[in-house]
Amino acid sequence: MYLSITHKDNLQPFSDLENIVRQINRSPGKIYLLHGHSSVFTTCLMIGGAIRQQIAVVDGSMRFNSYLHSNVAKTLHILPKQLLQKTYITRSFTAFQTESAITTKLPRFLKQTHCPMVIVLGLLGTYYDEQVKPHECRQSLLRIIHTFRELTTQNIHILIADVEVPNPPLGKHGLFSLIRDSADIVLIIKPNNYEPNLITSRI
């Protein structure tokens, strides 16, 4: 759909990137979930860069790095420094930090800084920590989803990039389904001839 990696550092935009960005720009705020192929994380950054506006990124799985983001900028024919200056990044290392970053810090930040899009990389990453009990995970994620819903009423788009863990810790099999069912639009990326292929599973 959006991004293929033909060489180690050579990123290529997908043919329908402009159509997806146009759809996002002209529609009210929605929650998107991109999952499937591991390129979902880079895909979300590609979308964020393509809207040519400020974006907020919450990284819960250490997926963001300035080197990759610079390559995305070059692919979109944007100066890397210019794109990085429009990207506000926060990282979380625990489930508590993830919830705090999204439910407390993010709304406060968005009141001060206009960002029409929030990208969440690896939302569930910190929740698979076995020290966090399953019922605590669910309650925390429900509070996060509530915050996402409130942000969409302000015409802010939420892009969640994640991959479904094949063998999650005991009691946490339903976490991915919880996020998937809360999304307005679910996009699945599957590899097709070395190029991720987008499948819309629900709109």
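The second largest pocket in this predicted model has a volume of about 150 Å³. A pocket here is an open set of points on a 1 Å grid over the protein atoms alone, with protein on both sides within 12 Å along at least five of seven lines, and its lining residues have an atom within 4 Å of a point. The volume is the space filled by probe spheres set on the points, which are joined across faces, edges and corners.

Lining this pocket are Ala56, Val57, Val58, Tyr88, Ile89, Thr90, Ala101, Lys105, Leu106 and Phe109. Two or more of these residues come from each of strand S4 (55-59), strand S5 (87-91) and helix H5 (95-112); helices (H or I, at least four residues) and strands (E, at least two) are DSSP runs, numbered from the N terminus. H5 supplies the largest share of the lining, four residues. By class, the lining holds eight nonpolar residues, one polar and one charged, where Ala, Val, Leu, Ile, Met, Phe, Trp, Tyr, Cys and Pro count as nonpolar, Asp, Glu, Lys and Arg as charged, and the others, Gly among them, as polar.

Residues are numbered from 1 along each chain as its sequence is written, and side-chain values use heavy atoms, with hydrogens and water left out. Because the model is predicted, local features need pLDDT of at least 70 and side-chain atom pairs count only at pLDDT 80 or more, while totals for chains, interfaces and linings use all residues.

H5 also contains Pro107. The C-alpha atom of Pro107 is separated by 7.6 Å from that of Leu151, which lies 44 residues away along the chain. Leaving aside residues up to four places away in sequence, Pro107 touches Ile102 and Thr147, contact being defined as heavy atoms within 4.5 Å.

Three helix pairs are described next. Axes are lines fitted to C-alpha atoms, for helices over the stretch in contact, and angles run from 0 to 180 degrees between N-to-C directions.

| Helix pair | Axis separation | Crossing angle |
|---|---|---|
| H1 (residues 17-26) and H2 | 10 Å | about 65° |
| H2 (residues 40-50) and H3 (residues 66-75) | within 10 Å | roughly 50° |
| H6 (residues 134-152) and H7 (residues 175-182) | within 11 Å | roughly 15° |

Helices H1 and H2 pack at an angle of about 65°, which makes H1 roughly perpendicular to H2. Angles under 35 degrees count as roughly parallel, over 145 as roughly antiparallel, 65 to 115 as roughly perpendicular and the rest as oblique. The crossing of H1 and H2 is right-handed, a term for the near helix being turned clockwise from the far one by less than a right angle. Leu17, Val21 and Ile24 of H1 meet Met46, Ile47 and Ala50 of H2. That contact comprises six nonpolar residues, with no polar and no charged ones.

The axes of H2 and H3 cross at roughly 50°, and H2 is therefore oblique to H3. Their crossing is right-handed. On the H2 side the contact is made by Thr42, Leu45 and Met46, and on the H3 side by Leu68, His69, Val72 and Thr75. These residues divide into four nonpolar, three polar and no charged.

For H6 and H7, the axes cross at roughly 15°, so the two helices are roughly parallel to each other. The crossing of H6 and H7 is right-handed. H6 contributes Cys137, Arg138, Leu141, Leu142, Ile145 and Arg149, and H7 contributes Leu175, Leu178, Ile179 and Ser182. Seven nonpolar residues, one polar and two charged make up this contact.

Most residues other than glycine have a negative phi. Met62, in the loop between S4 and H3, has a positive phi of about 55° although it is not a glycine. His77, in the loop between H3 and helix H4 (80-85), likewise has a positive phi, of about 60°, and is not a glycine.

Key: 1 Å grid on protein atoms, 1.4 Å probe; cavity = no way out; pocket = protein on both sides within 12 Å on 5 of 7 lines; lining within 4 Å.
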